[in-house]
Amino acid sequence: MKLILAPMEGVVDFQMRQLLTDLGGFDLCVTEFIRVVDQLLPPRVFYRYCAELNQAGLTRSGTPVRIQLLGQDPDWLSENAVRAVELGSHGVDLNFGCPAKAVMKNKGGAVLLKEPEVIYQIVKAVRDAVPAHHEVTAKVRLGFDDDSLSQEIFDAVVSAKASSIAIHARTKKDGYRPPAYWEKIKPLKNSSNLKTIANGEVWSVEDYTLCKIRSGCDDVMLGRGALAQPDLAKQIKMHNQDETYQPLQWNKLLQHILASGMHSCGDQNTQYFASRTKQWLAYLKLKYQGAHLLFEEIKPLHDNQHVLDIVKKHANSL
């Protein structure tokens with residue numbers, strides 16, 4: 001059983017991966033996508049998206065990180081995939097699920113769900129180019145407007161000899177609206193021995209258990225649920241090992257944020273911590289009452305230091 005941290009664009013960057021994996025439970029992280037158009041990207045681009053390359057492709061806690069690529073040209077994707085693993089990425093993931101309009105208008109992400117043959121060509125080109133000991137994986141949805149092509153999409157990835165497939169159990173049209181249709185993954189999984197990972201709407205240990213039963217998958221990818229409950233992966237691991245675990249309380253989470261170094265990201269961006277904390281609190285409010293109070297206090301602030309002072313004040317008051 002593996003738990004994988006999902007590649008959430010604009011949310012789960014190096015700092016967030018580091019903070020979440022410090023809490024334990026994750027077996028693998030996948031980066032935000034790197035857009036590939038018509039060139040071999042310079043190494044600095046890969047390091048910008050995956051700072052873990054500076055430390056053997058591992059987070060501070062030792063969790064492997066896999067670079068995700070997005071594009072539509074098999075040749076350029078394969079060249080960039082080779083570079084990714086040469087730089088230290090633990091395999092390569094291919095994005096066929098992003099529903100962003102800006103991405104799809106350039107024939108990337110979820111729009112390729114309409115063309116299983118193109119998905120096959122991309123995965124095969126990357127698989128043929130990347131050394132065999134590196135995994136090549138694909139992240140897809142059930143389909144674009146509906147799930148009528150779900151089997152063809154799955155078969156394309158199987159035929160291209162990918163190492164595994166992560167299925168977000170919704171179509172592009174569904175977006176991120178609940179529910180996730182985990183039960184639609186099971187017949188796909190049962191049609192092949194390809195390792196299949198379920199993704200979507202896992203917010204708790206109970207959701208995880210239902211997801212496994214309905215999807216038939218042992219491996220699960222956590223996204224927004226891990227942002228709302230940062231120790232969710234650890235909770236699931238402890239549950240699977242029949243060990244008692246006390247979920248992370250609000251005061252402990254604030255202390256963890258302060259100890260993580262997230263506020264000193266070193267990129268000279270005086271608003272990074274402020275904007276990222278406010279963004280994250282939108283998820284934390286779903287699980288922690290204290291997040292509402294903190295958000296209201298920092299909402300008008302933009303400077304890192306000002307927000308940091310407020311977070312310290314809330315942590316000390318508890």
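## The cavity

Trp 250, Leu 254, Ile 257, Thr 277, Trp 280, Leu 281, Leu 284 and Leu 294 line the largest cavity. On a 1 Å grid over the protein atoms alone, a cavity is a set of points where a 1.4 Å probe fits but cannot get out, and lining residues have an atom within 4 Å of a point. Helix 11 (250-260) and helix 12 each give two or more residues to this lining, and helix 12 has the largest share, with four residues. Helices are DSSP runs of H or I with at least four residues, strands are runs of E with at least two, and both are numbered from the N terminus.

By class, seven lining residues are nonpolar, one is polar and none is charged. Ala, Val, Leu, Ile, Met, Phe, Trp, Tyr, Cys and Pro count as nonpolar, Asp, Glu, Lys and Arg as charged, and the others, Gly among them, as polar. The volume of the largest cavity is about 40 Å³; a volume is the space filled by probe spheres set on the grid points, which are joined across faces, edges and corners.

The model is predicted: local features need pLDDT of at least 70 and side-chain atom pairs count only at pLDDT 80 or more, while totals for chains, interfaces and linings use all residues. Residues are numbered from 1 along each chain as its sequence is written, and side-chain values use heavy atoms, without hydrogens and water.

## The core around Trp 280

Trp 280 also belongs to the largest nonpolar core, which has 103 residues; Leu 69, Phe 96 and Trp 280 touch the most other members. Such a core is a set of buried (under 20% relative accessible area, 1.4 Å probe, protein chains only) Ala, Val, Leu, Ile, Met, Phe, Trp, Tyr and Cys residues joined through side-chain atoms within 4.5 Å. Leaving out residues up to four places away in sequence, Trp 280 touches Met 16, Leu 19, Leu 227, Pro 230, Leu 253, Ile 257 and Met 262, where contact means heavy atoms within 4.5 Å.

The largest pocket has a volume of about 510 Å³. A pocket is an open set of points with protein on both sides within 12 Å along at least five of seven lines. Of its 28 lining residues, Pro 7, Met 8, Lys 139, His 168 and Tyr 176 are the closest to the centre. The lining of the largest pocket divides into 14 nonpolar, eight polar and six charged residues.

Technical notes: Buried < 20%, exposed > 50% of the residue type's maximum accessible area, 1.4 Å probe, protein only.
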